[in-house]
Amino acid sequence: DGGRRQGLAIRSLIKFVGHQDAARFTRKDLLGWRDHLLGNVSAQTITKVYLPTIRSVFRWAVENDRLPENPSEGVKQTAPKTIWKRERGYTDAEAQKQVSESRQYSPIAGPSGLPLEHPKTTAMKRWVPLLCAYTGARITEVTQIRREDLREENGVHILRITPDAGSVNTNEFRDIPLHTQLIELGFWDYAETISGGPIFHLSKDPAKNHQHAKKMADRLRDWLHEKELVPAGLQPCHGWRHRFKTVGIELGIAERVIDCLQG
């Protein structure tokens, strides 16, 4: 989110304490702020965003001789364990429904009869759910794919997930063979209409690829929710990663192989 939530955390602390002099902050201030947050922010967000943000700021200050000590050290918040009331991944019926809707998608046309969205946006809605289903990749790893990340070797179509295209959690590339059904349905034909660069977004600046890929991922999530294709309690795109692993295990594929494919 470009640091938006981190900025909220810092402003929240300053507002609670009533000043922005870091040298005057105490452990008691931070404990009081943490308890105050619990009335408005989930324990999980406090644990994963608010406290780590403040700790990192104070840690930087100490490491760079701006402060003698870090008052946030040891200030923690226990997040409640997530209770899952259903499968983490899509069921067969849910998967089929989403893929069917995605494959049939057509953009709304304007008065002139021309589509009201860019062809790459249309392609994103048509192909990204299917690519997530068949690769188990993270959503932004898919929306940041470039034409140069796709190649054919000895009749096998291969997708390379690489940090060169944007953010990859492991900071390492991995090659994923694409299922023949993706090719039969026309994904490769679509990819070959792109001469180079991202195939699902319009950025021409490599440094901004991930930023644009994330925006496209957010647009896809919004569209999936709008079409009621995301069951309650399921993460719209991460649900494909869980399904990929479940189906892979059911088919007898070694978990080590699945983990390598999913990065």
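Q: Is K125 buried, partly exposed or exposed in this predicted model?
A: In this predicted model, K125 has a relative accessible area of 9%. Buried means under 20%. K125 therefore counts as buried.

Q: In which helix is the place of K125, and which residues does K125 touch beyond four places in sequence?
A: K125 belongs to helix α5, residues 119-135. Leaving out residues up to four places away in sequence, the residues that K125 touches are S102, Y105, E117, L220 and W223.

Q: What pattern do the helices and strands of the protein follow along the sequence?
A: The secondary structure consists of eleven helices and three strands. Read along the sequence, the order is α-α-α-α-α-α-β-β-β-α-α-α-α-α.

Q: What share of the residues in the protein is buried?
A: The C-alpha atoms fill a box of roughly 65 × 45 × 40 Å along the principal axes. The accessible surface comes to about 15400 Å², and 51% of this belongs to carbon and sulfur atoms. Of the 263 residues in the protein, the buried share is 41%.

Q: What part of the contacts with a separation of 6 or more joins residues 24 or more positions apart?
A: The count takes in contacts in the protein with a separation of 6 or more. Among these, residues 24 or more positions apart account for 60%.

Q: How many Å apart are the centres of the positive and negative side chains?
A: The protein has 39 positive and 32 negative side chains. The centres of the two sets are separated by 6 Å.

Q: Where in α3 does the kink lie?
A: Helix α3 has 21 residues, 43-63, and reaches 28 Å from its first C-alpha to its last, close to the 30 Å expected at 1.5 Å a residue. The helix has a kink of about 30°. The kink comes shortly before the proline P52, at L51.

Q: Which residues in α3 are buried?
A: An α-helix has 3.6 residues a turn, so residues three or four places apart point the same way. The buried residues in α3 are A43, I46, V49, Y50, L51, T53, I54, R55, F58 and A61.

Q: What is the phi of E228?
A: E228 lies in the loop between α9 and α10. With a relative accessible area of 64%, E228 is exposed. E228 is not a glycine, yet its phi is positive, about 55°.

Q: How far apart in space are K208 and G166, C-alpha to C-alpha?
A: K208 is found in the loop between α8 (187-191) and α9 (209-226). At 41% relative accessibility, K208 is partly exposed. K208 and G166 are 42 residues apart in sequence, and their C-alpha to C-alpha distance is 8.1 Å.

Q: How far apart in space are V247 and D92, C-alpha to C-alpha?
A: V247 is in helix α10, residues 238-250. Its relative accessibility is 28%, so V247 counts as partly exposed. V247 and D92 are 155 residues apart in sequence, and their C-alpha to C-alpha distance is 9.9 Å.

Notes: Residues are numbered from 1 along each chain as its sequence is written. This is a predicted model: local features need pLDDT of at least 70, side-chain atom pairs count only at pLDDT 80 or more; totals for chains, interfaces and linings use all residues. Side-chain values use heavy atoms; hydrogens and water are left out. Helices (H or I, at least four residues) and strands (E, at least two) are DSSP runs, numbered from the N terminus. Buried means under 20% relative accessible area, exposed over 50%, partly exposed in between (1.4 Å probe, protein chains only). Contact means heavy atoms within 4.5 Å. Accessible areas come from the Shrake-Rupley method with a 1.4 Å probe; for residues, only the protein chains shown count as cover. Lys and Arg count as positive and Asp and Glu as negative; His and the chain ends are not counted. The place of a charge is taken as NZ of Lys, CZ of Arg, CG of Asp or CD of Glu. The expected span of a helix is 1.5 Å times one less than its number of residues. The bend at a residue is the angle between axes fitted to the seven residues ending there and the seven starting there.
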